[in-house]
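Reader: I am new to this one. Could you show it to me and then let me ask about the terms?

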Amino acid sequence: MLSGLHHAAIICSDYARARAFYVEILGLTVVAENHRAERDSWKLDLALPDGTQVELFSFPAPPPRPSHPEAQGLRHLAFTVQDVAAVKERLESAGVAVEPIRTDPYTGRAFTFFKDPDDLPLELYEAG
């Protein structure tokens, strides 16, 4: 019935800061960027190399995340990478705080967490 994940949507508090983070630091490719004047909102479509997309939205005064990290709803967004340690080092050199690398006890793969500018938990997960 389902054939894949098309996109994940994120609402940010500061569009320019979030755009810079996802495009300049994480390296996602801009597919489309639209200002929706009637909603005082931006919608930025970003792509990963496999075609999966992230939609970045801005809205006036969005409510903050109710708790962290165990709030009901989306817990975190995980990105596959070839080398977790290398990406961790690159993020840290850009000023992003990254947790120590751990090993998934079920798969044996390396992973770690970091946060976007709005404190959304993001994960790096070693590709298989």
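Author: Gladly. Let us begin with one term: a residue is buried under 20% relative accessible area, exposed over 50% and partly exposed in between, using a 1.4 Å probe and protein chains only. This is a predicted model, in which local features need pLDDT of at least 70, side-chain atom pairs count only at pLDDT 80 or more, and totals for chains, interfaces and linings use all residues. Residues are numbered from 1 along each chain as its sequence is written, and side-chain values use heavy atoms, with hydrogens and water left out.

Reader: Why does glutamate 55 count as buried?

Author: Its relative accessibility is 12%, and the limit is under 20%, so glutamate 55 counts as buried. Glutamate 55 belongs to strand β4; strands are DSSP runs of E with at least two residues, helices are runs of H or I with at least four, and both are numbered from the N terminus.

Reader: What is glutamate 55 in contact with, leaving aside its neighbours within four places in sequence?

Author: Contact means heavy atoms within 4.5 Å. By that rule the partners of glutamate 55 include His7, Ala8, Ile10, Lys43 and Asp45.

Reader: What makes β4 largely enclosed?

Author: Six of the six residues of β4 are buried, so the rest of the structure largely encloses this strand. Gln53, Glu55 and Phe57 are buried on one side, and Val54, Leu56 and Ser58 on the other. In a regular strand, side chains alternate between the two faces of the sheet.

Reader: How do you know that β1 and β4 pair?

Author: Two strands pair if DSSP finds at least two bridges between them. β1 and β4 have six bridges, in the parallel sense, so they meet that rule. One of the bridges joins histidine 7 to glutamine 53. β3 and β4 pair as well, in the antiparallel sense over five bridges.

Reader: Why do β1 and β2 stand at the edges?

Author: The open sheet has the order β1-β4-β3-β2, with mixed pairing. β1 and β2 each have a single partner strand, so one side of each is left without a neighbour in the sheet.

Reader: What puts the buried residues of α2 on the same side?

Author: In helix α2 (residues 84-93), Val84, Lys88 and Leu91 are buried. They cover an arc of only 65 degrees around the axis, which puts them on the same side of α2; the arc is that of the directions from the helix axis to the C-beta atoms. On the other side of α2, Glu89 and Ser93 are exposed.
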